[in-house]
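Here is a short report on one protein model. Please look at the sequence and the coordinates first.

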Amino acid sequence: MKIYLDLIYFFNYYLDFLLLLTTSIVLKRNVSLKRVFIGAFLGSFSIFLLFFRLSSFTLFIFKIFLALIMVITTFKYENLKYTSSNFIYFYMISIILGGFLYYLNIEFNYTSIGMLFVKHKLNVNAIFLLLISPIILFIYIKQNKKMKSNYNLSYNVKIVLKNRQEYQLTGYLDTGNSLFDPITNKPIILLEKGILDEKNNNFYYIPFQSLNNHNLLKCLRPQYIEIESKRFNNYLIGISDKKFNFEGIKCILNNKLMEEL
C-alpha cells in the first residue's frame, strides 16, 4: 500500500488552518493570517506521531499538547481564561467538522442491509472533503452568529393578568418596538394574536402609527409581568395581528426594557 506523505501532510495542514480560522472568526480574535498559517503549520506535524508506536492514551495526550501549542501560537497567551476559551472552541469546532466528515465517509462507503453494514466500492474523494470542509464550517459560523444574536436578546417572560391567568413565554427584546400609550405614557409589549384567552379580560384600543398609517391597537393592563424573575407593573400588553418572524418567539418586548433589565 502506497502512502503519499506529502498529500496527507497537506490535507492535515489545510484542515488545521480552517479550524484555527473558524475559531478566530467565531471568537472575534483579531489575529493575522500569518499567525493562523504558523499555527496550522505546527499542528500538521501531528501526522508524524503515526510513525511511532504509542498507546492510544499517549497519542491523545500528545495531540492535546500539540493543539494547545497551536492555539497559543495563533492567538498568543494573555491569561488562563482567554487561552482556555480558545482551546475549548478549537476542539469543539474540530469535533463538529470531524463528526460531519466521519458521517459522510460512513454514508458514502457503507450500505445497510437489515442490521448489517456492507462496504461497497464508492469512496469519499479527498478533493470532495477539501471542498466540503469550508462549506460545513461556513454554515457553522452563520448558525453560531444567528444563535448569538437571537438568544442574547431572548428572555423568559411571565405574564399575570388581573383574572389570575398566567402565561409563560419567550420574549425578544426588539429595539424597533417603542410603542407607548399616548394617554398613560406606559410602554407596550406585543403578543401574537391567539396567545391570550381574550374572554373575561377588559381590552381597550389605543391609536398608533405604522408605515404612515394610523391604526388602533388592542391592549389590556396586566396584573404584572416578570422578565427573568424581575417584576414590572408599568407595562401594557398589546395584541398584534401579525405573526412574529422569530423561532419560538411569541412576545416582542419594548426597547425601554434595555434600560431596566
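Predicted model: local features only at pLDDT ≥ 70, side-chain atom pairs only at ≥ 80, totals over all residues.

Residues are numbered from 1 along each chain as its sequence is written, and side-chain values use heavy atoms, with hydrogens and water left out.

**Overall make-up**

The protein chain has five helices and eleven strands. These are DSSP runs, numbered from the N terminus: helices are H or I with at least four residues, strands are E with at least two. Of its 261 residues, 37% count as buried. Buried means under 20% relative accessible area, exposed over 50%, and partly exposed in between, with a 1.4 Å probe and protein chains only. The accessible surface comes to about 17100 Å², computed by the Shrake-Rupley method with a 1.4 Å probe. Carbon and sulfur atoms hold 61% of that surface. A contact means heavy atoms within 4.5 Å. Among contacts with a separation of 6 or more, 63% join residues 24 or more positions apart.

**Two single residues**

K158 is part of strand 3 (residues 154-160). K158 counts as buried because its relative accessibility is 18%. Leaving out residues up to four places away in sequence, K158 touches E166, Y167, Q168, Y224, I225 and E226.

I183 sits in the loop between strand 4 (166-173) and strand 5 (188-192). I183 has a relative accessible area of 78%, so it is exposed.

**Aromatic rings**

The structure holds five aromatic pairs. Rings of Phe, Tyr and Trp (its six-membered ring) pair if their centres lie within 6.5 Å; planes under 30 degrees apart count as stacked, over 60 as edge-to-face and the rest as tilted. Two of the pairs are tabulated here.

| Pair | Type | Centre to centre | Angle between planes |
|---|---|---|---|
| F10 and Y14 | stacked | 6.2 Å | 25° |
| F232 and Y235 | edge-to-face | 5.7 Å | 85° |

F10 and Y14 both lie in helix 1 (residues 5-27), four residues apart, about one turn of the helix. F10 is partly exposed at 44%, and Y14 is partly exposed at 22%. F232 and Y235 are both buried. Ring pairs also link F87, F90 and Y91 into a cluster.
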